[in-house]
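Subject: Structure handover

Hello,

Here is the structure we discussed. Please open it alongside these notes.

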Amino acid sequence: MGIRPEDSNRVISHFEPELAKTTAFPKERKQLSDVAMARATLSSDKIWWIHGNGYDLSRFVERHPGGKEAILLGRGRDCTALFESYHIFSKDHWKVLDKYCIVKNMKASDRKKDLFYDIVKDRVAATLRQKGIDPIKNRGASLSRSIYYCVVFSAWVSSGFAHIKGNILGSFLFALSGWLMGALGHDAGHFAASRIPWVNDLGVWAMSLICNPIVWQHQHTYAHHSYTNEFDKDPDLHHFDQLLRVHKKIRHRSVHNYQKNRLWVAVTYAFVCFGTCFWIPWSVLSSGTLHSVVNWQDSNRPSRRIGLQLHWYSYNFFIILLPFLIHESVWTAMLSVYVHMATVGVVFAIFSQINHLNEISVESDMESRSSNSTPSKSITKGSWAAAQVETSNNFAAGSLLWHCLSNGLNLQIEHHLFPGLNHGHLHHITPVVRDSCREFGVVYKSYDSWSDLMNATLDWYGKLSINETKGR
């Protein structure tokens, strides 16, 4: 979206009356060459920043086809990657967006196009159409995927009753089915379970045994997918700082010496859900930020704050407190809690952490790629899409079993390129994405098995167990 000649002196337009009253730029500053001034002057909770330009989309929120939660996720911060990766197969969104521009970045004459991404998008759209899938109308769950959701939900409910009745095996099965329900939660959290917004808004709560659904969308849908493996922007690099060192920039502690031991890693993974369901949500409620990396920018919305608290209290009651009210023995109750939380935690970790945490993936983020030896004229230089490919890993790409067990995380590369496409469609586009990456020299890492990829992650942990600064 370029700057039209008639817009060259425009700074603010299409704003709401109350914004106009409180925003007065001096006439001599009408060219807005200083975007920082605009950020400081305008009310931050009204602005969506995309490609350096500011947009007031508040009047469009209720009319957003993807639902208001999807669009509000980008309010008050840079949502360029969010905007680009969820408007894949159409260009109509640019026509709509232009109407709401209130801040023009005069330092750039046009948005920076990701030519590699454009090529892959066109090829993927053509592939989906060949398969009889409309990339816009049918991007949500297919009939077979919807049936799968229902089957897993039935198992989830049945095992949940067994857990409530104090059955240890029931607690274990409740954990496994809770992980598998995450398939619906993950799809819905990316607005990909359905094209109907309220279905996604409700469906994301299927993540409830894995993490807090409200925090998840800020942590994962927004931050992790926008800034994969960027140390100061991706919160997923900071979940385990106290026990595991996953990045060279994390200060080495003596406890990190143990992470070369696989048993230590397994024990750490057992506490993952204590963090995602208890500690992290409490921290976000208290501080309004996640690891000081991403802000909870809609904390002033009662529905979101109440939702976060509701999950926190409900999880603590049903998973942690209830076993002590049901079981006659305190030790049995403790075992029930541990079995459930450890099972979900370990399964979640062994399928999610391997997707991005190995040496080549961690060192392929946008910041690292911008300083590498890729020719400046290459279409992959500075490509956000290429960075998504190189920071992600696939495994057992042709296996339906591993696809189901991992909730589709075995096709992580395609998921990061097309997050708004249901996981059930990703296997259709894997060949064209892989071939396009090879054509343009983008490193596409697809491991033959889960164990191969898990070993690559464990090798990386082992390398980081060494304190590089010791003895200097």
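Below are the notes on helix packing, the sheet and salt bridges.

This is a predicted model, where local features need pLDDT of at least 70 and side-chain atom pairs count only at pLDDT 80 or more, while totals for chains, interfaces and linings use all residues. Residues are numbered from 1 along each chain as its sequence is written, and side-chain values use heavy atoms, with hydrogens and water left out.

Helix packing

Start with helix α12 (residues 272–287) and helix α13 (residues 302–326). Helices here are DSSP runs of H or I with at least four residues, strands are runs of E with at least two, and both are numbered from the N terminus. The axes of α12 and α13 come within 10 Å and cross at roughly 140 degrees. Axes are lines fitted to C-alpha atoms, for helices over the stretch in contact, and angles run from 0 to 180 degrees between N-to-C directions. The angle makes α12 oblique to α13 (under 35 degrees is roughly parallel, over 145 roughly antiparallel, 65 to 115 roughly perpendicular, the rest oblique).

On the α12 side, the contact uses Cys273, Cys277, Phe278, Pro281, Trp282, Val284 and Leu285. From α13 come Arg305, Leu308, Gln309, His311, Trp312, Tyr315 and Asn316. Contact means heavy atoms within 4.5 Å. By class, this contact has ten nonpolar, three polar and one charged residues (Ala, Val, Leu, Ile, Met, Phe, Trp, Tyr, Cys and Pro are nonpolar; Asp, Glu, Lys and Arg charged; the others, Gly among them, polar).

Next, α8 packs with helix α10 (residues 213–226) at about 70 degrees, axes 10 Å apart. That makes α8 roughly perpendicular to α10. His186, Ala188 and Gly189 of α8 meet Trp216, Gln217, His220 and Thr221 of α10. This contact divides into two nonpolar, five polar and no charged residues.

Sheet

Three strands form an open sheet, in the order β1-β2-β3, with antiparallel pairing (two strands pair if DSSP finds at least two bridges between them). β1 (48–50) and β3 (101–103) each have a single partner strand, so one side of each is left without a neighbour in the sheet. Strand β2 (residues 53–55) pairs with β3 over two bridges. Gly54 has Val103 of β3 as its bridge partner.

Salt bridges

The whole structure has eleven salt bridges (a side-chain nitrogen of Lys or Arg within 4 Å of a carboxyl oxygen of Asp or Glu). Arg145 bridges to Asp187, with the closest N and O atoms 3.0 Å apart. Arg145 lies in helix α7 (residues 143–164) and Asp187 in helix α8 (residues 168–189), 42 residues apart.

Best regards
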